[in-house]
Amino acid sequence: MQPETLSTSNISFEEYRNQILNDYKTALLSRECSLLGRREVLTGKSKFGIFGDGKELPQLAMAKVFKNGDFRSGYYRDQTFMMAIDALSPEQFFSGLYAHTDIKREPFAAGRQMGGHFSTHSLNEDGSWKKLTAQKNSSSDISPTAGQMPRLLGLAQASKVYRTEKDLHDHTDFSIKGNEVAWGTIGNASTSEGLFWETINAGGVLQVPMVISVWDDEYGISVHAKHQTTKENISLLLEGFKRDEKHDGYEIIKVKGWDYPSLIDAYETADRLAREKHIPVLIHVKELTQPQGHSTSGSHERYKDEARLEWEREHDCLKKFKEWIIDHNIATDEELIAIDKDAKKQVRQSKTNAWKEYLTEIVDEQQEAIALLRTVEAKSENKNFITPLVNKLAEKDEPIRKDILEATRKTLRYLTKENFTEKATLQQWVTNYIEKIQPKYSKHLYNETETGVTQIEEVAPVYDENSKEVDARVILRDNFDNIFDTIPEALIFGEDSGKIGDVNQGLEGLQDKFGETRVSDAGIREATILGQGIGMAMRGLRPIAEIQYLDYILYCIQGLSDDLATLRYRTFGTQKAPLIVRTRGHRLEGIWHSGSQMGGMIHLLRGIHLLVPRNMTKAAGFYNTLLASDEPAIVVECLNGYRLKEKMPANLSDIRTPIGVVETIKQGTDITLVSYGSTLRLVEQAAKELLSTGINAEIIDIQSLLPFDLTHDIAKSIAKTNRLLIIDEDVPGGASGYILHKLIDDQNIYKNLDSKPQTLSAKPHRPAFGTDGDYFSKPSAEDIFEKVYDIMHEVNPSQYPQLR
């Protein structure tokens, strides 16, 4: 007998039965992985575990409508879904739990993320795109709750762009005319986060094909829904977002997480609406359970009373699924018990295999190290100290690499005054071992292939007799015009970016020319502007997300830091999002829009290039360079430079500003002055005035903070001048501290210094309002002059008498 609520047309009962039983086995495999996974953590084989038990049934329903080309942006409990789309095996599950560093064994992160964080490969080994429409796709998970929501918006918007823009209809590796759906998942408690609400609002405005599933088990860790959500019901709370005859909005579907046929109906309905009509859908999956509590960090018996625990046992979705199968004569209890036993056996064997594969390589390394240590032990006068180290390592039945390096490196401490062949062999082995193993934990922060930004060669601006001086914003505008004209995948969006052509008119008239999809306005919601960019970049588009002012970037720092900056790294180079973030800052007069976030960005956003052009010609060159590559970057334009005059290059569309390369904009002999952005104009002014006192300063424009001076040209300058002053508008110790660190630790400038390297930064507060506020808050031309003069006074007091 077949229930009428299930879609069973055009298949036989036997085929239908096999589908049901296959779902049942998948759910059992996932549940057993959760149960055994917890035990592996508690026995010390893994540090932490967070699992998908209790959420199996709705994830099976979602998997049934998830098609090739679709994307998931999910929650760290989606293991059943990943198994159901054949993107996760039990053995891979345990490899993730053990942090196996082999990307072929642990295909989601090569051991870089804790278990429960999944992804699929969007890239080939050479960094080129796979055919995303030929596979089911999962964007890489992150742990910050609701952090996956802004990216979901962009993944969905990509479908709208591919459907709307006919020039992209032949981009079939990325989309089949926009018929793909983005599927988001989130825990009910995480809907309290602002990122969820911002995404919900933006999705309703944009009307993009995304389906958000809320897994509702009434708790967020130990905190009940009454402390999380008004009315304790997210779908009830979202009723105002529901679409009606007069208004666009969401389709809202409510379904119980243990009701298999209703789940199938709910997801088929959601899929049809999102895929065909591009209507966003929210599915509130209620009455779910957490059989093992939140994670391995605690037990839910501590915060749930016996009545709740008993309700969860009775409403466990696997128990309900089994009852439904038997009640509808799909299988007998004996048949289901046999499936259960087979699933348990398969998971146990997968766990054993994964642990063996994880351990084998390390044990081989351990034995190699022990053999070397024994030869050293036999020769050394400090044998009594070395033997315990070797024995301790040899006693490790389940070693980790830390054990190996602790033993070998500590042994070398006892050999400092000894010289014999075996010592040299051990020294070389340790060096080679670190060089071999370190990349397993560190590579792929940036693009290491030939398409990386640092591989794009410079093309300098060319000027001729027809080159006119124009407002600098015109250079940006005309360069963007060329970009959108020649790169159909390129688009830009942000607050005021569309109709008025941005607040500084760098996009003037481009919406009229290229349409509202490619040059568009966005609401005041920086986090989801960023998310739009991340998601669209992950689907083959070349978005430029405009954050109107630099201080507004703090609204999206979580997405920048935890998602975009780590994407290539946390997926071991198997996913990328070549998003360009356009913003503006530097030297505005007042607390806001003044560029004082630079030091924080440098330290929070490793993995994203941070570019600080001094003028709009340089900025235009950076955009061209980035679009010739495939890495994410932030371009900080000079806010006070749009109306300054610059010559229009004759080769505007061809210019490429090199990334990671500084520019010497004035030669000098006495001191090297290093700065960037708008402050450079003050440095140039001060340097001209210093010439009148006989001080000839060399000026270097950093151009890019991340990466920083890859060719070490600043060190070469200091070798000539023997003195250094870093001038920075950031707070003390911010960007200037980073620059000094790079020059001392990486470029070893101390070897050529005749004076103490110094910094001149802003005061330790935001700049006060007005011209005087700027003058007394940030380095002025007089500050720079006097700082340089004081350095030279210390060198030669008679030639440079004290100023004051």
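These legends go with close-up views of one predicted model.

This is a predicted model, where local features need pLDDT of at least 70, side-chain atom pairs count only at pLDDT 80 or more, and totals for chains, interfaces and linings use all residues. Residues are numbered from 1 along each chain as its sequence is written, and side-chain values use heavy atoms, with hydrogens and water left out.

**View 1. The protein is divided into four stretches: domain 1 (13–331), domain 2 (360–439), domain 3 (453–654) and domain 4 (664–795).** The bounds come from an automatic or database domain assignment. The centres of domain 1 and domain 4, taken over C-alpha atoms, are separated by 51 Å.

**View 2. Five strands form an open, mixed sheet.** Their order is β17-β19-β18-β21-β22. Strands (E, at least two residues) and helices (H or I, at least four) are DSSP runs, numbered from the N terminus. Two strands pair if DSSP finds at least two bridges between them. β17 (663–666) and β22 (758–760) stand at the edges with a single partner strand each, so one side of each has no neighbour in the sheet. On average, neighbouring strands of this sheet are turned by 25° against each other, direction ignored.

**View 3. Strands β18 (671–675) and β19 (697–701) pair in the parallel sense.** Five bridges join β18 and β19. L673 has I699 of β19 as its bridge partner.

**View 4. Helix α24 (735–746) lies across β21 (724–727) and β22.** It runs at about 150° to β21. Axes are lines fitted to C-alpha atoms, for helices over the stretch in contact, and angles run from 0 to 180 degrees between N-to-C directions. Contact means heavy atoms within 4.5 Å.

**View 5. Helix α4 (90–97) packs against helix α11 (333–379) at about 45°.** Their axes are 8 Å apart. α4 and α11 are therefore oblique to each other; angles under 35 degrees count as roughly parallel, over 145 as roughly antiparallel, 65 to 115 as roughly perpendicular and the rest as oblique. α4 contributes P90, E91, F94 and S95 to the contact. Residues from α11 include Q346, V347 and S350.

**View 6. Helix α2 (56–65) and helix α8 (260–277) cross at roughly 40°.** Their axes come within 9 Å. From α2, the contact includes L57, P58 and A61. From α8, Y260, L263 and I264 are among the residues that take part.
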